[in-house]
Amino acid sequence: MRDFDRDEILHVLDAAAKIDKNQNEYAHMMNGKIMATLFFEPSTRTRLSFEGSMLRLGGNIMGFADPGSTSAKKGESLADSIKIIEAYCDIIVMRARIEGAARLAGNIAKIPIINGGDGANQHPTQTFLDLYTIRKSKGSLDGHTVGFMGDLKYGRTVHSLAYALSFFKTKMFFISPRDLGMPDDHLDELRERGVNFEEVESFDQVKKQIDVLYVTRIQRERFGDELDYEKVKEGYFINRAFLKGCREDLKILHPLPRVDELSVEVDDTPYAIYFEQAANGIPVRMALICLTMGAIK
Ligand code: NCD
């Protein structure tokens, strides 16, 4: 996300909005091009919406979702894998467990590399579709009070979204159990960028102010057994009762998958926009592919 500033972010969102209005116009933009999706970590939405986007642009796809079936298993380094794979395709989307892996690949490869999530660090393309969804439902990215709730320590989508929103007039509340708060380096960065934020332990304290609530699941696979999962998830379960007294114009986003932090009974309230958010992955990722490939300006 650190490759983008305010104007560049808005430029991507405007491109996505144009594609959203008239997808057919873009149906041949990637004719003859190949995208490789290298997913060293589990994924449903990110990989399939990237692949779907490339197919809708008339391009071709190849890749893997199970690194166990690749030479990584034999001990091949990421650097070597990238040098080989870039000879087979025109653009790479990758997800890796190691923080900074996509940046490293980007420094090695001559073709565009898109970060589909690197460990607990960042998930910038998710951020673009989050921003797109907020702007579409609220009309603007400026002037919101955004609550981030759940696992803010390991939730990479939160890290990149908070950074991106620092370019817009935003008040932020970080709502989490004490053990799963925003990492200090991310908070320092927000401080340096002059963001007005507060860390709180419950939604109740701030629910009259928040108009965008960004919820994430507890990233259990990243902290193993060192924290008691049952204990940290307590008090962070959203259902209709939990939302009582919230603002009428509240919109709830979630990168999904949800586990047990967000009840299905919220799905048909006017607050829920997380399924639209996931659907927005297509125009947004189509735009990111076209822009990085230089097919549109
Ligand atoms: C997120 C991720 O992978 O970081 N999922 C996604 O890409 N939509 C969120 C998560 O796994 O909790």
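**View 1. Helix 7, exposed side and buried face.** On one side of helix 7 (residues 184-192), D184, D185 and E192 are exposed. Exposed means over 50% relative accessible area, buried means under 20%, and partly exposed lies in between (1.4 Å probe, protein chains only). Helices (H or I, at least four residues) and strands (E, at least two) are DSSP runs, numbered from the N terminus. The model is predicted: local features need pLDDT of at least 70, side-chain atom pairs count only at pLDDT 80 or more, and totals for chains, interfaces and linings use all residues. Residues are numbered from 1 along each chain as its sequence is written, and side-chain values use heavy atoms, with hydrogens and water left out. Which residues of helix 7 are buried? They are H186, L187, E189 and L190. Seen down the axis of helix 7, these buried residues fall within an arc of 155°, so they line one face of the helix. The arc is that of the directions from the helix axis to the C-beta atoms. The cover over the buried residues includes helix 6, strand 6 (170-175) and strand 7 (196-200). Just after helix 7, G194 takes a positive phi of about 75°.

**View 2. Helix 6 and its residue R156.** Helix 6 spans residues 156-165. It is mostly covered, with ten of its ten residues buried. Among them are R156, H159, S160 and Y163. R156 has a relative accessible area of 9%, and therefore counts as buried. The side chains of R156 and E41 are joined by a polar contact of 2.9 Å. A polar contact is a pair of N or O atoms within 3.5 Å; within protein, one must be able to donate a hydrogen and the other to accept it, and residues adjacent in sequence count only if both atoms are side-chain atoms. Leaving aside neighbours within four places in sequence, R156 is in contact with residues including R95, G117, D118, H123 and R222. Contact means heavy atoms within 4.5 Å. R156 and G117 are 39 residues apart in sequence, but 7.3 Å apart in space, C-alpha to C-alpha.

**View 3. Helix 1 packed on helix 5.** Helix 1 (residues 6-21) meets helix 5 (residues 124-138) at an angle of about 70°, and their axes are 10 Å apart. The two helices are therefore roughly perpendicular to each other. Helix 1 contributes I9, L10, V12, L13, D14, A16, A17 and D20 to the contact, and helix 5 contributes F128, L131, Y132, R135 and K136. By class, this contact has nine nonpolar, no polar and four charged residues. Ala, Val, Leu, Ile, Met, Phe, Trp, Tyr, Cys and Pro count as nonpolar, Asp, Glu, Lys and Arg as charged, and the others, Gly among them, as polar. Axes are lines fitted to C-alpha atoms, for helices over the stretch in contact, and angles run from 0 to 180 degrees between N-to-C directions. Angles under 35 degrees count as roughly parallel, over 145 as roughly antiparallel, 65 to 115 as roughly perpendicular and the rest as oblique.

**View 4. R135 at the crossing.** R135 lies in helix 5. Its side chain makes a polar contact of 3.0 Å with the side chain of D14. Not counting residues up to four places away in sequence, R135 touches L10, L13, D14, A17, S140 and L141.

**View 5. The buried face of helix 4.** In helix 4 (residues 101-108), A101, A102 and A105 are buried. Seen down the helix 4 axis, they fall within an arc of 95°, so they line one face of the helix. These buried residues pack against helix 3 (78-85), strand 3 (91-96) and strand 4 (113-118).

**View 6. The loop between strand 9 and helix 11.** This loop, between strand 9 (251-253) and helix 11 (274-279), holds P257. A cis peptide bond joins L256 and P257, with omega about 5°. Most residues other than glycine have a negative phi, and most peptide bonds are trans. Phi of L256 is positive, near 65°. Is L256 buried or exposed? L256 is buried, with a relative accessible area of 13%. D268 lies in the loop as well, and at 63% relative accessibility it counts as exposed. The side chain of D268 makes a polar contact with the side chain of R240 (2.9 Å).

**View 7. V215 in strand 8.** V215 sits in strand 8 (residues 212-215). Its relative accessible area is 1%, so V215 is buried. Leaving aside neighbours within four places in sequence, V215 is in contact with M149, I238, I252, L253, H254, P255 and E261. V215 and G150 are 65 residues apart in sequence and 6.0 Å apart in space, C-alpha to C-alpha.
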